[in-house]
Amino acid sequence: FSGPLVTYLTNLDAGSPYYVRVSAVNSIGSSAPRYAASPVAPMGSPDEPDTVTLSAVDSQSTPITQITAMWDAPLANGGSPIDGYLVEWWTAEAIPEVQEVRAKWTGSGSLNESLRFNLKFGPTAGMASGITTSSLPVSVENYNLRYELMNLGKTEGDKFDADYVIGDVSVKRSAINSNRGYAWTITFNDVDGLNAGNQVPLTASFIDSTNEAFAQLDVVELAAGRRSFGQPEVQVVETTGSSNITGFFRVGFYGSAYTQYLPANCSASLMEDALELLSTVGQVSVTQAENAENGYSWRVTFDTNVGDVPMIYVDGSYLENPTGDVQVDAYNGDTEVDSTTGIKLYDTVVGEPPADYHSQVVGRDERSFTITGLLPGTEYYVMVSARNAFGTSPRTSSLPELLAPSKQLPGRPNDVQV
């Protein structure tokens, strides 16, 4: 084996420097030791703040638009000094997905009735077949398109490998391209059911592909959907080959250095620890499973990195197998679909920030922060995390769990005249 030899030392004290030496051993005995150049202290992200409380004034002469968060320092700093606290706040609103289907054609403006199209929707990776509307005229009315979309899926006599895939939608039709085309604006209203969050795009196709010579179909996302409280990104790291895989690989994220080398059969907990030691990664959850191609798949959920995050990058230079065809890949959380079937390509999840999400990093000696610019009567969730040079702690939820700046009686009218 030509790669590095790796072992893992456990049950060490965070922040305490350790000297390491290594000797080679054979049947005769041990070699003279080789020493590491300098001692190393195991360090990691700190514990979460111990308690977070919220308060707001009940009345004042101006509108109440602020909440104050207060917290206690964490019980342990991970072996590295706390350098600040991350305060995050958001509302529980859900934001619907909005897509627009656009059809336009060239010519004098007269509508060619032979122009017909359909729409496909495949929200789940691995579906056996696409789910498609019937053939639609290019002038289809908004209410007819709404009916088609809301009835996509399994109905009597159909053989699609899915149930209904679209809940309530609103559809608005408008003329475009100097009356040589139409646009249908589709709002996915079922934000707590079938269509929560960021949806895969609809796939639009002409029934007769020769129409593409003088006509065009596009689907544009006007607003990405967001679930209430947002959605953590889920990415996948995977090794594959046609024979048994051995050796080591490493991963990185968002401009960081690589992790330490990880064995080909790396456990979920080891991958989790390695990622959380990167300064650009907060808290993650990892699961591991063997796949059908002699390797493993690790599903990485970014618990505290908010929204649509960059893709993990990988280095498999020291992975090998007898057939020499080892591959290590990372799959991003996105909504990309197959352009022909309309089915989602990867079993990953794109991250979504919560509605009205904001954050602020405050100094290491701060124990309170006043959040301003809020809406009276709107409930806000607030969480606080501790930070050091090795990452961010888990979040601490507030007490109470949510709080709204108080509404008040209106002020006196001005310039009253009789």
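This is a short tour of the structure, stop by stop, for you to follow in your viewer.

The model is predicted, so local features are described only at pLDDT of at least 70 and side-chain atom pairs only at pLDDT 80 or more, while totals for chains, interfaces and linings use all residues. Numbering runs from 1 along each chain as its sequence is written, and side-chain values use heavy atoms, with hydrogens and water left out.

**Stop 1: the largest nonpolar core**

Select Phe117, Leu145, Leu149, Ile166, Trp184 and Ile186. These have the most contacts inside the largest nonpolar core, which has 30 residues. Such a core is a set of buried Ala, Val, Leu, Ile, Met, Phe, Trp, Tyr and Cys residues joined through side-chain atoms within 4.5 Å; buried means under 20% relative accessible area, exposed over 50%, and partly exposed in between (1.4 Å probe, protein chains only).

Now colour the elements that give two or more residues to this core, among them helix 1 (142–150), strand 7 (116–120) and strand 10 (181–188). Strand 10 gives the most, with four residues. Helices (H or I, at least four residues) and strands (E, at least two) are DSSP runs, numbered from the N terminus.

Zoom in on Ile186. Beyond residues up to four places away in sequence, Ile186 touches residues including Val101, Leu145, Leu149, Val171 and Leu202, where contact means heavy atoms within 4.5 Å.

**Stop 2: helix 2**

Next, select residues 268–276, which form helix 2; its buried residues are Ala268, Leu270, Met271, Ala274, Leu275 and Glu276. Their cover includes strand 14 (246–252), strand 15 (262–263), strand 16 (284–290) and strand 17 (296–302).

Helix 2 also supplies four residues to the lining of the largest pocket, the largest share. Among the 30 lining residues, Leu9, Leu12, Pro42, Gln260 and Leu277 are the closest to the pocket's centre.

**Stop 3: Thr304**

Move to Thr304, in the loop between strand 17 and strand 18 (313–320). Is Thr304 buried or exposed? Thr304 is buried, because its relative accessible area is 13%. A polar atom of its side chain lies 2.7 Å from the backbone nitrogen of Gln283. Setting aside neighbours within four places in sequence, Thr304 is in contact with Glu88, Gly282, Gln283, Ser393 and Arg395.

**Stop 4: Val361**

Finish at Val361, in strand 20 (residues 358–362). Val361 counts as partly exposed because its relative accessibility is 40%. Apart from neighbours within four places in sequence, its contacts are Tyr85, Leu86 and Arg387.

Definitions and conventions. Polar contact = N/O pair within 3.5 Å; in protein donor to acceptor, adjacent residues only side chain to side chain. 1 Å grid on protein atoms, 1.4 Å probe; cavity = no way out; pocket = protein on both sides within 12 Å on 5 of 7 lines; lining within 4 Å.
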